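Dear colleague,

I am handing over the model we spoke about, and I would be grateful if you could look through it alongside the notes below.

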There are 2 protein chains.
Amino acid sequence: MTTPVYILGGYQTDFARNWLKEGKDVVAMIHEAVREGLAAAELDPQEVEVAHVGNFAAELYCKQGQLGGFLPEIHPAFSGLPTARHEAACASGSVAILMAMAEIEAGRYQLALVIGVEQMKTVDPATGGDFLGTAAWYEKEAKGIEFPFPKLFGRLGDEYERRFGLQEKHLLRIAEINFSNARRNPRAQTRDWFTDETQNLTSGKYANPVAGRLKVRDCSQVTDGAVSLFLASETCARTYAARRGLQLEQLPRILGWGHRTAPMRFEAKVAESQGTPYVLPHTRQAIVDAFTRAGLADVWSVDGIETHDCFTTSEYMAIDHFGITPPGESWRAIEEGIIEFGGKLPINPSGGLIGCGHPVGATGVRQVLDAYKQVTGRAGGYQIDGAKKIATLNIGGSGTTSVAMVIGV
Amino acid sequence: MTTPVYILGGYQTDFARNWLKEGKDVVAMIHEAVREGLAAAELDPQEVEVAHVGNFAAELYCKQGQLGGFLPEIHPAFSGLPTARHEAACASGSVAILMAMAEIEAGRYQLALVIGVEQMKTVDPATGGDFLGTAAWYEKEAKGIEFPFPKLFGRLGDEYERRFGLQEKHLLRIAEINFSNARRNPRAQTRDWFTDETQNLTSGKYANPVAGRLKVRDCSQVTDGAVSLFLASETCARTYAARRGLQLEQLPRILGWGHRTAPMRFEAKVAESQGTPYVLPHTRQAIVDAFTRAGLADVWSVDGIETHDCFTTSEYMAIDHFGITPPGESWRAIEEGIIEFGGKLPINPSGGLIGCGHPVGATGVRQVLDAYKQVTGRAGGYQIDGAKKIATLNIGGSGTTSVAMVIGV
């Protein structure tokens, strides 16, 4: 990383909300994320020089495109603001961050607003599942298939089973930890869902099968959510720090990033990775790139991880792909309690996509905002004591787009 | 512009094709643009370091998202390639170029592939018109309205009429010039449509009303198209030039760019611009920014323009917004023959969106590829003699996103 990019703060909407039931649309979601984000980061709208929107498929869920065009609608100070919307399925939020960073690194702008947003509770579950199929190769992998994505990530579990063996109890434990963590997060979608989450996950509706080996408890949520994040150049961050009586070094930065794309079809991914150590080698490479750019030796240099648990199998994959265990031995980290809140390397203190929720285009931005909260001691009930560095992993499609980041002070 | 970005070439599909009738999908369109683009630019796929896709709404037209994921599917050398898709309605192609440039300027990559693509002939005209409504504020400006965009750009004409007066004959002449220019372009959609375009435009179906003052002849086409473009850092361009026996200075560059966003609603745009000289002040500003970054004094420093004539009214607007005439006097440039092929400052030698076609997400990339062709003497039958610099203007929504560029050697 030659040019540092600083994080000044941001805002996450309550992921438990149903905006349609409140009579509010995706524009209102963007509006709240921006308004409250400006307040949280103590910034004036006049200071924002560019805005990037991460969104997967508002065209389908909300019959609305061109989301960048709403910025000038929500505050007169944004009139004329350069904007664009970015998409890489469930990694849309992360690519929006990468583009905002690139423009800052290029010296175009000093202060960028990034918004990740998705309003998903506008359609019934079957329709929503079909829409998500457009994040895979729709004609070949999703058309006419009920809930294509649980099936694809079930096959990720199948590949682990075939190569290394995979036990249901380890996926169950991933679900338990995420739901349990979410109870400490006042903006998590599932925070009030369980009085005894373990009991509920092993019986009743949460144990109902969805696709292949995956049950309801293995799946992330259908979520409405918007998240804002403010990114700054060193010049801008220095001024920002000074007016708060802080040193520049006290502001968190994006220390490193990785961005890779695997072939679209899950079948092509698996075929390509045969004979290599990792099931998703491009996801592994994105993580390695992020740590290399951050100048960090390995995963033990960070204090926690926010990863993409769209399904328990993707978190199971993330454990070995981050290098917490050798390939295929993710179960060891689960059994040893390493990834639990309070463990040696907590994963998803926020509750992740399973517990906190998964508003598709917002997730990558939510992860980085949570990393910011952790490294600045703002994570409240889900704070990792003394966290200085947090890694993130955001995935689009069935492991197609992988974006990893390291955030730290 | 501190860091130069060079253009190494690219490829445009024949905009007259109907890919669905050929049994081919948007993936095949991307494939052809990339394969033929590599051949045209004499590049190996291994040299490409990142890919950016500009696309408006493949989710709606093709039931497909995550278009960046198809790059690794179309060539094994692209496996792992970082990719993302970018959207700003009809300016999607230009924002994809801006993002590719930003990553090069930031020093992340040396050679970027940009693809603009839209497959639109998958639905009937009424459905397609409704889909285009998502480029406006759908709930307020398009829902339940037949062909919302001709109506919005008809209102642009109304605003010109109210402020300055506007005569039908001048819009007609814009249509005539674009259709006429398209006949020289072997990849233009309408190149074979007329034996006598003037006669056909003033009677029969081309004179049929569409919305407000706009007739069929005033409207851009529904087009299937894909365009690729290769952008390079100075280091990469130097190597590229050397292996062809060229000087670096002989390769064209993006000399300047401007990027602005106006409020989403056309009504809000017009309200905001009352009392100011230009009807769309943010579009004007994007143009001024591009020329300023290019270090050029005014529009007479360029040899031609490729502009966004989604409707004749938007080209009428472009004429005064580029500064060819004072505000409201675009008609003078039309009457004096300035914008004609062979005129003092030709507009749309390619035929523009009306004559060449308007595959929404591809248009911004097509404009820059045509600018590249002009300044390198590759434009064949529609070559502007001795062209050294060409300006482009790409608009998303009803003037919401404006991206202007200057390309030159």
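Predicted model: local features only at pLDDT ≥ 70, side-chain atom pairs only at ≥ 80, totals over all residues.

Residues are numbered from 1 along each chain as its sequence is written, chains are lettered from A and ligands numbered from 1 in the order in which they are written, and side-chain values use heavy atoms, with hydrogens and water left out.

I begin with the two copies. Chain A can be laid on chain B with an RMSD of 0.0 Å by a turn of 180 degrees and a shift of 0.0 Å along the axis, where the superposition is by least squares on the C-alpha atoms of residues with pLDDT of at least 70 in both copies. That is the relation of a two-fold axis, and the same surface serves both copies, since 100% of the contact residues of chain A recur in chain B. The contact (heavy atoms within 4.5 Å) takes 62 residues from chain A and 63 residues from chain B. Between them the chains bury about 4800 Å², 51% of it on carbon and sulfur atoms; buried area here is the accessible area (1.4 Å probe) that two parts lose on being put together, summed over both. A:Lys63, A:Gln66 and A:Arg108 supply 17% of the area that chain A buries against chain B, more than any other three residues.

Turning to charged pairs, a salt bridge is taken as a side-chain nitrogen of Lys or Arg within 4 Å of a carboxyl oxygen of Asp or Glu. The whole structure has 60 of them over all chains, and 10 are found across the interface of chain A and chain B. B:Arg265 forms a salt bridge with A:Glu73, with the closest N and O atoms 2.7 Å apart, and a network of salt bridges links A:Glu59, A:Arg85, A:Glu87, B:Glu59, B:Arg85 and B:Glu87. Within chain A, A:Glu22 forms a salt bridge with A:Arg17, again with the closest N and O atoms 2.7 Å apart; A:Glu22 is partly exposed, with a relative accessible area of 35%, whereas A:Arg17 is buried at 16%. Buried means under 20% relative accessible area, exposed over 50%, and partly exposed in between (1.4 Å probe, protein chains only).

As for the interior, a nonpolar core is a set of buried Ala, Val, Leu, Ile, Met, Phe, Trp, Tyr and Cys residues joined through side-chain atoms within 4.5 Å. In the largest nonpolar core, of 110 residues, A:Phe322, A:Ile324, B:Phe322 and B:Ile324 touch the most other members. A second, separate core of 78 residues includes A:Tyr109, A:Ala182, A:Ala387 and B:Ala84.

Finally, strand β4 (residues 111–118) of chain A has eight of its eight residues buried; strands (E, at least two residues) are DSSP runs, numbered from the N terminus. Strand β2 (residues 50–54) of chain A pairs with β4(A) in the parallel sense over five bridges, pairing being counted if DSSP finds at least two bridges between two strands, and A:His52 stands opposite A:Val114 in β4(A). Strand β7 (residues 225–232) of chain A pairs with β4(A) in the antiparallel sense over eight bridges, with A:Ile115 opposite A:Ser228.

With best wishes

Definitions and conventions
Helix = DSSP H or I, 4+ residues; strand = E, 2+ residues; numbered from the N terminus.
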